[in-house]
Amino acid sequence: MQTVERTNQLSLTKEEMLQDYRIACESRQASLTGRKEVFMGKAKFGIFGDGKEVAQLAMAKFFRNGDFRSGYYRDQTFMLAIGELTVQQFFAQLYAHTDVEQEPSTAGRSMTGHFGTRLLDDEGKWKPQTSAKNSSADISPTGAQMPRLLGLAYASKLYRQNPELHQFKDFSIDGNEIAFGTIGNASTSEGVFFETINAGGVLQVPMLVSVWDDGYGISVPAKYQTTKESISEILAGFQRNAPGEQGYEIFKVKGWDYYSLCEVYQQATQVCREQHVPVLIHVEEMTQPQGHSTSGSHERYKTKERLAWEEEYDCIKQMRRWLIENQYATHEELNQIEAEAKEAVRIARANAWSSFNAGIQEDHSQCLVLLEKLAESLNENASEILSIREELNKTLNPLRSDAIRAARRALRFVRREKSAAKRDLLKWLETVQGENAERYNSYLYSQSDESALLVEEVKPQYLEDSPLVDGREVLQACFDAALAREPRLFAIGEDVGKIGDVNQAFAGLQEKYGELRVTDAGIRECTIVGQGIGAALRGLKPIAEIQYLDYLLYAIQILSDDLASLQYRTKGGQKAPVIVRTRGHRLEGVWHSGSPMGMILHSLRGMHVLVPRNMTQAAGFYNTLLQADEPALVVECLNGYRLKEKLPANVGEFTVPLGMPEILRKGTDITIVTYGSMCRIVLDAAEQLQAVGISAEVIDVQTLLPFDLEHMISDSIRKTNRVLFTDEDVSGGTTGFMMQKVIDEQEAWRWLDAKPTALSAHDHRPSYSTDGDYFSKPNAEDVFEVVYGIMNEADPENFPSIY
């Protein structure tokens, strides 16, 4: 563990130190005022960075243009110090202001303390990162910022070591950028923290992790959180013993010691930036003056002695004492700064509240006028409308929903009326509903001209002598072509590198393109995904492989909370076009045959979920996604790599559109909807059904998110009047999803002459044998008998019961 010797290298001017003190005072006053705003009912919840101010000032001094932050929700002082947050914006976020100009981090979509810079312009194109101080968008799950941090740092390694990337000066200057991570001491108990720390040490990337240690995790003290009550002590084995050795530099410093903090961050950033050595800075003896959040008081769980110590060693109080003792400032100077900071926060809060209320009050006032006019136009029900208006008029601190709720309730009373006043109210309601859809529901997916839905379809081309090859060779040729044309593309995953993945789709490509482009990773699914997210945030194009679909569960939280919500929670301010590649469905055993597609669909809204039936379709999807700016999950068929497919002549160029099912077999009696490995089983069953006079139309949905954008399945049901949904997920999973999409959203119920039917797997996973697969998942005989039963009900004379 490193100790920092006092040197003369650190030079701080009086003006600089007093400006730091001013920022600390403004940040503290913002925290104190923010808590009051919550208790006054003007904000929903508050969690603040009080007690952490001085350490963040020191970190900010050495945060340069091009650097990235991946932090947690107490970093307001740091964001203020680097100039990427104003106090007014702080309060705009507290009030959940939906105007991106007023609240640029999340446009009111995340609670207070969730920071991020806008990496994209209004068209969704990348802004230059090397001329800005950058912050990736925060999320609430504790420790979940760590996997992304690894990827942000890994990008610097790639930009430094891969000469082909030196041309991308808007994203990196020779890999000199540091990824700064921040985390609370209690959150270091999370598995994602340890996984990231280990991976960072293995990769030797410029990742600087600051642990803000105030001794607690909400009410739980360190003795219940961390062995030896010290994260730096238990990570001491990661410390390098000599320069050039793999490992970390680890520092310990007091969170109230301004000068020592500046010295530590100066030395730590130098070694991290220049040598690409990861660093851990354990900042001890921090305080939390207002407790964890507005949800409770820390007096309930801290002793009187602890509270007294926290008051004495408050970092701002200690910084003030140090400035006076070293004659950098007088009491009067600091008193004036404190008074000015308090006034600045008062003005910023008032401006933020006024701006936040302006649009709401406009809607509120308009609705009151329209309701009054509606009441005046009525002979009946006027009193009910006026009662609704009066209730709305009395609302203190109204929300946007209050006016809309009132309008919708009022319209119930005039449902039989036809008047200009009613039309005016309806027109207003339609307008504000559209505005609120943009405020609250936009940017789940890309709205740029690089959306995957806008990639032009290019059909695969075949020559007379196109070879018949193993399916994995189609993918290999696709990846080879992609790596050749796109220097920003790289692939990482378990066994992806040297052996070319367990199914050989990358075989020989590491040898051809080098270890930086096709890279083996440890068994660490969560941080493989995080590596992809962070690198994609910095303009690279990663394919992050999870070896089997069953193991996606290790990464599902990061995929769901971070990647899938990124564009939404920043309202189009950030993007990370990661392609997550995996394989699943049919094989053997509990952990190599999973198809948890329903779980994936409900967890990953914001990502595309693609389920190709063969490797040619998969290759087309990869070609599509590599032209797009959105994240996606591609689930290849485990049992398809050795099946023979023709190799397209344009294997590196052809694309498969998203949201477009394919009719694999035309029919007239029933529509069978499926995907992935089930396509071959259903086609087999369709042949058997044809033999007994039943004509089945088989449709491969190809992509589950998005799903059948042009309602092809409904068109098929209009013809056949019957439908079966089948897949390998458990009951109520993806079959239920598909049924709701088609029967409800596409209104295919209008054309049905028989009840819609679902055939799924049993509610367990197969045991280890080929028979286990047969008796656990739908087989051709199951499909045949379910379809035959539907036809038996419709026409028992021609289709008598089998059993």
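Between which two strands does the loop holding Q702 lie? I located Q702 in the loop between β19 (696-700) and β20. Here helices (H or I, at least four residues) and strands (E, at least two) are DSSP runs, numbered from the N terminus.

**Basis of the entries.** I worked on a predicted model, in which local features need pLDDT of at least 70 and side-chain atom pairs count only at pLDDT 80 or more, while totals for chains, interfaces and linings use all residues. I number residues from 1 along each chain as its sequence is written, and side-chain values use heavy atoms, with hydrogens and water left out.

**Backbone entries.** I noted a phi near 70° for Q702, a positive value in a residue other than glycine. Q702 counts as buried because its relative accessible area is 4%; buried means under 20% relative accessible area, exposed over 50%, and partly exposed in between (1.4 Å probe, protein chains only).

I then looked up K571, another residue other than glycine with a positive phi, here near 45°. K571 sits in the loop between α19 (566-569) and β13 (579-584). With a relative accessible area of 10%, K571 is buried.

I also checked the peptide bond between L705 and P706, which is cis, with omega about 0°. P706 belongs to the loop between β20 (703-705) and α23 (712-720).

In soluble globular proteins, nonpolar side chains tend to be buried together.

I listed the partners of L704, not counting residues up to four places away in sequence: M597, L601, V609, V611, Y675, T734, F737 and M738. Touching, or contact, means heavy atoms within 4.5 Å.

**Y675.** I followed L704 to its partner Y675. Y675 is placed in the loop between β18 (670-674) and α22 (678-691). Is Y675 buried or exposed? Y675 counts as buried because its relative accessibility is 3%. Leaving aside neighbours within four places in sequence, Y675 is in contact with H585, M597, V611, D700, V701, L704, D727, T734 and M738. I took one separation as well: Y675 and A375 are 300 residues apart in sequence and 55 Å apart in space, C-alpha to C-alpha.

**Helices α2 and α8.** I examined the packing of α2 (residues 53-61) on α8 (residues 258-275), where the angle is about 35° and the axes are 8 Å apart. Axes are lines fitted to C-alpha atoms, for helices over the stretch in contact, and angles run from 0 to 180 degrees between N-to-C directions. The crossing is right-handed, that is, the near helix is turned clockwise from the far one by less than a right angle. V54, A55, A58, M59 and K61 of α2 make the contact with Y258, L261, C262 and Y265 of α8. I recorded eight nonpolar residues, no polar and one charged in this contact. In this division Ala, Val, Leu, Ile, Met, Phe, Trp, Tyr, Cys and Pro count as nonpolar, Asp, Glu, Lys and Arg as charged, and the others, Gly among them, as polar.

**K42.** I found K42 in the loop between α1 (14-39) and α2. K42 counts as buried, at 15% relative accessibility. Residues up to four places away in sequence aside, K42 touches E37, Y95, R349, W353 and N397.

**UniProt features.** An unreviewed UniProt entry lists residues 375-424 as "coiled-coil region". I found this span to be 66% helix and 0% strand, with its end C-alpha atoms 13 Å apart. L386 lies in helix α12 (residues 382-393) and is partly exposed, with a relative accessible area of 42%.

The unreviewed entry in UniProt also places "domain: Transketolase-like pyrimidine-binding" at residues 469-643. Over residues 469-643 I noted 36% helix and 17% strand, with the end C-alpha atoms 8 Å apart. UniProt positions are given in the numbering used here, feature names are shortened, and annotations may be inferred rather than shown by experiment.
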